[in-house]
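Hi everyone, thanks for coming. Let me show you a structure that may be new to you, and then we'll walk through a few parts of it together.

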Amino acid sequence: MFLYGQIGCLIFLLSIGMVISAAHTDNFTYPVDPGYKDIARNPNNTILDVCMFINRHSNGRLINDFDRAAVAVSLGLNYVRDNLLPDNVALNMVYIDEGPECPEKVEAVNLALQLYDRGVRCKAFIGPGCTRSVQSLYDYVQYIEVPLIAFPGDGMGTQAEMTEYDFLSRISVTHTNTAYVILKFIALFNYSNAAFVTETSNDFYNYMYQVSTTIMRNTNPKFQYTMKFKTFSVRDGAVKKQIVNLLEEIQVSARVVFLMMTGDLVRKFLVSNKSVQLQSDRHT
């Protein structure tokens, strides 16, 4: 996994809050509570620090890239201001940029503790997006008893049942849903031999694979023997050769293939089909 080494936490005190950046110092406009500036002028009003862990500049590697989500966050803050918050309460948005890839597991807690040392008292955490960061940060939020809204923390549930995370909230569509959709698809078409192939350098699809295959194996123990579960990584190089080798192995028994990877890699699989002569009338 990509190692950051030392993450330099650059503090930018803005009139609209705080941004801690792990990698970039561009002029990106971070969403804010529209009422913060006026409400903060009165010392008798209430200001709530909301700490949002984000990832930027991933160039499509992360589904939770904040560069694509910022507009939605801005709309959400506008809605909260217009419909939910009292006139004497404002949100001070504090953004913590973890960089373009998922950092090491402990980094989220380190950054949260740095915020505390600087006097920021987070009343809620939004993010991180990367599962291992959520797992790490959850121990901290459980200790201080504040909510954590994962962004999305899609691999949560592999180490413990979701019912044990009392302070965690996520979007409703997760990898668990994906697993049950796949199970229904297999049952509907009576597939007894399928292959699941995942490219593991992408955290989103790696966790999709882990959660989905774990649920499928637990649902039907026979799947361990009748289904093929294969992984590869672009970091190992020779991607085309890896794909061809996988397809040659898959075609022996599998009739349906589930590809958990980026669109670019899916296209490489489709192009490579011809070289190993996977027949479209026998394989899906």
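Two strands pair if DSSP finds at least two bridges between them; strands (E, at least two residues) and helices (H or I, at least four) are DSSP runs, numbered from the N terminus. Keep in mind that this is a predicted model: local features need pLDDT of at least 70, side-chain atom pairs count only at pLDDT 80 or more, and totals for chains, interfaces and linings use all residues. Residues are numbered from 1 along each chain as its sequence is written, and side-chain values use heavy atoms, with hydrogens and water left out.

Let's start with strand β8, residues 194-199, which pairs with β10 in the parallel sense over 5 bridges. There, Ala195 stands opposite Val257 in β10. Of the 5 residues of β10 (256-260), 4 are buried, so this strand is largely enclosed by the rest of the structure. Buried here means under 20% relative accessible area, exposed over 50%, and partly exposed in between, with a 1.4 Å probe and protein chains only.

Now, the disulfides. How many are there? The count comes to 2, taking a disulfide as a pair of cysteine sulfur atoms within 2.5 Å. Cys51 and Cys122 form one of them, with sulfur atoms 1.9 Å apart. This pair links distant parts of the chain, strand β3 (46-54) and strand β5 (122-126), 71 residues apart.
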